[in-house]
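Here are my notes on the complex you sent over.

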Amino acid sequence: MQQIPDVIREIPLNYYVWFSAALFCIGIIGVLTRRNAIIIFMSVELMLNSVNLLLVAFSSYKADPAGQIFVFFIMAVAAAEVAVGLAIIVMIYRNIQTIDVGLLNKLKW
Amino acid sequence: MIPFVFIAFIVLTVISACVVLWSNNVLYAAFSLLLTFFGIAALYVLVGADFIAITQLLVYVGGILVLLLFGVMLTNQNGNKENGKNDIIGTNTNRLIGFAVAFGLFALLFFTFAKANFVNIQSNLFESIETFSTTQNIGVLLMTDFVLPFEVSGVLLMATLIGAAYLSSKTKV
Amino acid sequence: MTMLTDFGYILLFIIAAIVFVAVILFLAKLIRPNRPNEEKLTTYESGEEPDGNANVRFNIRFYVVALIFILFDVEIIFLFPWATVFGNKRLIAETDGLWGWFSLVEMFVFVGVLLIGLAYAWIKGHLDWVRPEVKTTEYESKIPTSLYDKINQKYSQ
């Protein structure tokens, strides 16, 4: 990174941090209020993305590429998580014919 | 110019994320998630991480979103001929508590970050560390400092391949 | 800043594509005569009568294909930054050739581990395209199959 992006001079880091916090909170609302398992999955992806953005912003403002490597690995783990999670959701759907998480209460007491 | 683009992409991302949150139609939620991922990729570009932006497009938009759409289409129960509607509906619950928790957390984060001082982090801003581009930087780091996580993620991908293929190939309907 | 300028072109392309489509559709709407009837408004389904819902359930087989796609997508993403540096002359010269061999071996290990997973899933049959079973009938024809062969031979000449 021999050139510093113009953004760093013109936009304070706090904007990125606040935006990531907002996106993370949108993801939290999604996880807490939606009942469709796949939409909960999408909200988890939103939260992962906000964390990624924060890591990239910090790494870029510090001119240290290690943060971008973290994002790299997070993306690999997110792909693995989605693959296995959706396979589990599809299996749940095959067994009980619904993916409404409100109905998955066998472990509740 | 750049602040306007920045604000425009932030607005795009937040609005499409809110559509994911509010939309009752799961397909609309999935497609607005596409816009969210795209907006975040644009923000990566703005902050100078070009390779991460392309990775975002390839992995999230090209891979994860497609997989999520497959998930939607594999699990819809309304795809029958009787109700002529084309919608796949998801419902909400516990709206009040969810919003209260999330807004409380957001307020906490907001005021903490407003008080935090990020000047230390930006201190070595104007000394360039390497003469590589970001892609080569990532490649060198991947092969030197992060070579163990790299191989471990290979093992993780292998385990995912085996596990998910096993889960989804059980032909017991 | 060169990189932002390059991506600015991409942004311009995206905006131009959207504007172009919008303008063309709007112009077409202005110019074309508008006389809809029921046949024109139905969904085009290769000449068939449209039947049922667009959102039918997919078969689970397609999921395995998408799954393999995404995992190898991630693998390709890992290959990209490696490919830009593993033959870097300066790095090889600095480390007396160790750099090239080390990164080559590491990448072969990475790809090999994934190939082991693929081979395992393949051999175990998790990747098989599940075919619907074809029922064989119990009925035995009184006409022997050799008769058909004779007829075929007779008329093929």
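This is a predicted model: local features need pLDDT of at least 70, side-chain atom pairs count only at pLDDT 80 or more; totals for chains, interfaces and linings use all residues.

Which residues touch the most other members of the largest nonpolar core?

1. **The core.** The largest nonpolar core has 106 residues, and the ones touching the most other members are A:Ile38, A:Met42, A:Ala79, A:Ala83, B:Tyr44 and B:Ile64.

2. **A:Ile38 up close.** Leaving aside neighbours within four places in sequence, its contacts in chain A are A:Ile89 and A:Ile99. Across in chain B, A:Ile38 meets B:Val26, B:Leu68, B:Gly71, B:Val72 and B:Thr75.

3. **The A–B contact.** Here 76 residues of chain B meet 71 residues of chain A. On the chain B side, at least two residues each come from helix H1 (2-22), helix H2 (26-46), helix H3 (50-74), helix H4 (95-115), helix H5 (134-143) and helix H6 (147-169). H4(B) gives the most, with 11 residues. By class, the side of chain B that touches chain A has 51 nonpolar residues, 24 polar and one charged.

4. **B:Leu141, as a spot check.** Is B:Leu141 buried or exposed? B:Leu141 counts as buried because it has 20 C-beta neighbours inside 10 Å, and the cut-off for buried is 20 or more. This residue lies in helix H5 of chain B. Not counting residues up to four places away in sequence, B:Leu141 touches A:Pro65, A:Ala66 and A:Ile69, plus B:Phe146 in its own chain.

5. **Chain B as a fold.** Of its 173 residues, 40% count as buried. If you look at contacts in chain B between residues at least 6 apart in sequence, 48% join residues at least 24 apart.

6. **The B–C contact.** On this side of the assembly, 41 residues of chain C are in contact with 44 residues of chain B. Helix H1 (2-31), helix H3 (61-85) and helix H5 (98-124) of chain C each supply at least two residues of the side that touches chain B. H3(C) gives the most, with 17 residues. The classes on that side of chain C come to 30 nonpolar, seven polar and four charged.

7. **Chain A against the record.** UniProt, in an unreviewed entry, lists residues 15-32, 39-58 and 70-93 of chain A as "transmembrane region". In the model, residues 39-58 are 100% helix, with the end C-alpha atoms 29 Å apart. Residues 70-93 are also 100% helix, and there the end C-alpha atoms lie 34 Å apart.

8. **Confidence.** The model scores ipTM 0.88 and pTM 0.83. Chain C has a mean pLDDT of 83, with 91% of its residues at 70 or more. Chain B averages 80, and 81% of its residues score at least 70. What is the pLDDT over residues 127-131 of chain B? It is below 50 there, and the stretch has five contacts in the model beyond near neighbours in sequence.

Definitions and conventions: Residues are numbered from 1 along each chain as its sequence is written. Chains are lettered from A and ligands numbered from 1 in the order in which they are written. Two residues are in contact if their C-beta atoms, placed from the backbone, lie within 7 Å. Helices (H or I, at least four residues) and strands (E, at least two) are DSSP runs, numbered from the N terminus. Ala, Val, Leu, Ile, Met, Phe, Trp, Tyr, Cys and Pro count as nonpolar, Asp, Glu, Lys and Arg as charged, and the others, Gly among them, as polar. pLDDT is the predictor's confidence in each residue, from 0 to 100. A nonpolar core is a set of buried Ala, Val, Leu, Ile, Met, Phe, Trp, Tyr and Cys residues joined through C-beta atoms within 7 Å. A residue is buried if 20 or more other C-beta atoms lie within 10 Å of its own, exposed if 12 or fewer, and partly exposed in between; C-beta atoms are placed from the backbone. UniProt positions are given in the numbering used here, feature names are shortened, and annotations may be inferred rather than shown by experiment.
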